Amino acid sequence: TVTVTDPDGGEALDTLVLTIANVAPTGAILGVPGAGVEGEMFTLTADAADLGPLDAAALTFAWDVELEGSSVATGTGPSFDFTADDDGAYTVSLTIFDDDTSTLVDESFSIANVAPTVVVPALLTLDEGSLYTTSGTWSDPGILDSHTATVDYGDGSGVQPLTLDAATFELSHVYADQGSYLIIVCITDDSLESECDFGVAIVNNVAPTAAILGASATSDEGTKIDLSADVFDPGVLDGLTYSWTITSDIFGVVAGGSSPTISYTPDEDQTLTVTLDVSDEDGGVAPTATEIITIENVTPSVTIDGNPGVADEGDTISLSSTVVEPGADTLTYAWQVLRNGQPYTTGADPTLEFVADDDGAFAISLIVSDDDGGVSDPASESLIVGNVAPTATITGAPAEPVEGTPITLGSD
């Protein structure tokens with residue numbers, strides 16, 4: 001609008017209406033990487049302008065970051081920080097708003113995968129047969145990656161799956177033999193990039209322990225004694241060596257062996273000391289196992305053989321004996337024969353022979369004793385000897401007697 005006034009008070013007025021069109025803001029994104037790696041943080045800045053000074057002072061911004069077409073981060077303000085959590089093709093979009101319109105600008109860039117990292121404790125010492133346990137750590141800047149893990153304990157048990165926690169993992173294994181073992185842990189992400197780390201387990205040998213099974217406090221002479229070794233070695237792969245010694249208090253060393261079992265049959269009462277020494281192939285030696293066994297005398301038992309039960313007077317009776325004596329004892333025999341309750345004959349040998357020279361009731365008994373004082377129960381037999389009628393024969397009769405000649409006769 002313009003107004004013109006002259007000196008005399010005259011005035012003229014004219015009005016012109018102008019319509020001003022808005023001009024959209026312009027802008028660019030600063031700080032976009034040409035390439036990067038997952039886990040890296042980027043600061044993006046809006047380089048924006050607007051021809052309308054009032055608009056320029058009031059611009060607003062909207063950021064959006066997409067990975068493979070999916071939004072992964074948003075923001076507002078003239079600058080924006082974001083971290084690339086995974087590898088792939090990224091697009092960052094910036095919308096610049098004034099009070100009337102907006103402008104969209106975008107940029108693309110790629111993020112490369114980073115392999116995970118893994119840390120295994122360098123050295124651990126333990127005994128064979130005990131549980132190896134330790135913790136390791138791992139990380140991956142690509143927090144959206146998925147992972148698999150394996151462990152090889154180095155003892156031939158093979159590669160095994162390993163469970164991962166958020167930033168740690170647990171190792172647990174029993175080593176069956178002494179030695180030095182290389183432990184390998186590998187972690188692989190979903191881009192098939194792997195990282196491995198190594199540790200060493202030093203496994204010490206453990207000496208076995210031994211006990212003797214089958215030994216009782218006492219046993220009878222002549223009875224077989226079966227003994228076995230009860231051995232515990234936490235190194236279950238160790239080869240074991242056995243050394244048995246059985247010593248008598250009378251005869252000295254009477255038996256030995258090198259297998260897990262031993263058998264011995266004592267033939268005399270005595271005291272036996274049994275020792276067992278066991279060692280493993282790695283030089284571990286068990287404390288000597290010892291058992292004391294008292295071997296007791298066994299009283300002999302006897303039966304009488306050869307008794308006919310019934311005989312005639314004048315018959316020869318031949319008797320023998322069967323003796324059960326588990327030991328190697330010296331035996332003494334005591335025979336006694338009674339006729340009609342009266343002593344008839346005796347004997348001191350394993351056999352007895354006598355003539356029943358008269359009829360009657362004969363009682364036969366035998367007692368056997370050993371040289372260790374053992375006395376058998378008496379063995380008894382009965383024998384009935386019957387009378388035999390006499391026989392007679394006339395002797396001296398001439399075949400052809402002559403009259404007047406004396407004849408002398410006799411009897412047989």
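Here we go from the overall shape to the cores and then to the charged pairs.

First, some ground rules: this is a predicted model, where local features need pLDDT of at least 70 and side-chain atom pairs count only at pLDDT 80 or more, while totals for chains, interfaces and linings use all residues. Residues are numbered from 1 along each chain as its sequence is written, and side-chain values use heavy atoms, with hydrogens and water left out.

Start with the big picture. The protein has one helix and 36 strands (DSSP runs numbered from the N terminus, with at least four residues of H or I for a helix and at least two of E for a strand). Its radius of gyration is 59 Å, well over the 22 Å that the globule rule gives for 412 residues, so the protein is more spread out than a compact globule. That radius is taken over C-alpha atoms, and the rule is 2.2 Å times the number of residues to the power 0.38. Along the principal axes, the C-alpha atoms fill a box of roughly 245 × 40 × 40 Å.

What about the inside? Buried residues make up 33% of the 412; buried means under 20% relative accessible area, exposed over 50%, and partly exposed in between (1.4 Å probe, protein chains only). In soluble globular proteins, nonpolar side chains tend to be buried together. A nonpolar core here is a set of buried Ala, Val, Leu, Ile, Met, Phe, Trp, Tyr and Cys residues joined through side-chain atoms within 4.5 Å. The largest one has 20 residues, and Trp63, Phe82, Tyr90 and Leu94 touch the most other members. Strands E5, E6, E8, E9 and E10 each give two or more residues to this core. A second, separate core of 19 residues includes Ile225, Leu272, Leu276 and Ile295.

Now zoom in on Phe82. Leaving aside neighbours within four places in sequence, its contacts (heavy atoms within 4.5 Å) include Met41, Val65, Tyr90 and Phe109.

Finally, look for charges. How many salt bridges are there? The count comes to two, each a side-chain nitrogen of Lys or Arg within 4 Å of a carboxyl oxygen of Asp or Glu. One joins Asp226 and Lys224 at 3.8 Å, N to O; Asp226 is partly exposed at 44%, and Lys224 is exposed at 51%. Asp358 and Arg339 meet in a salt bridge at 3.0 Å, N to O. Asp358 lies in the loop between strands E32 and E33 and Arg339 in strand E30, so this pair ties together parts that are 19 residues apart in sequence.
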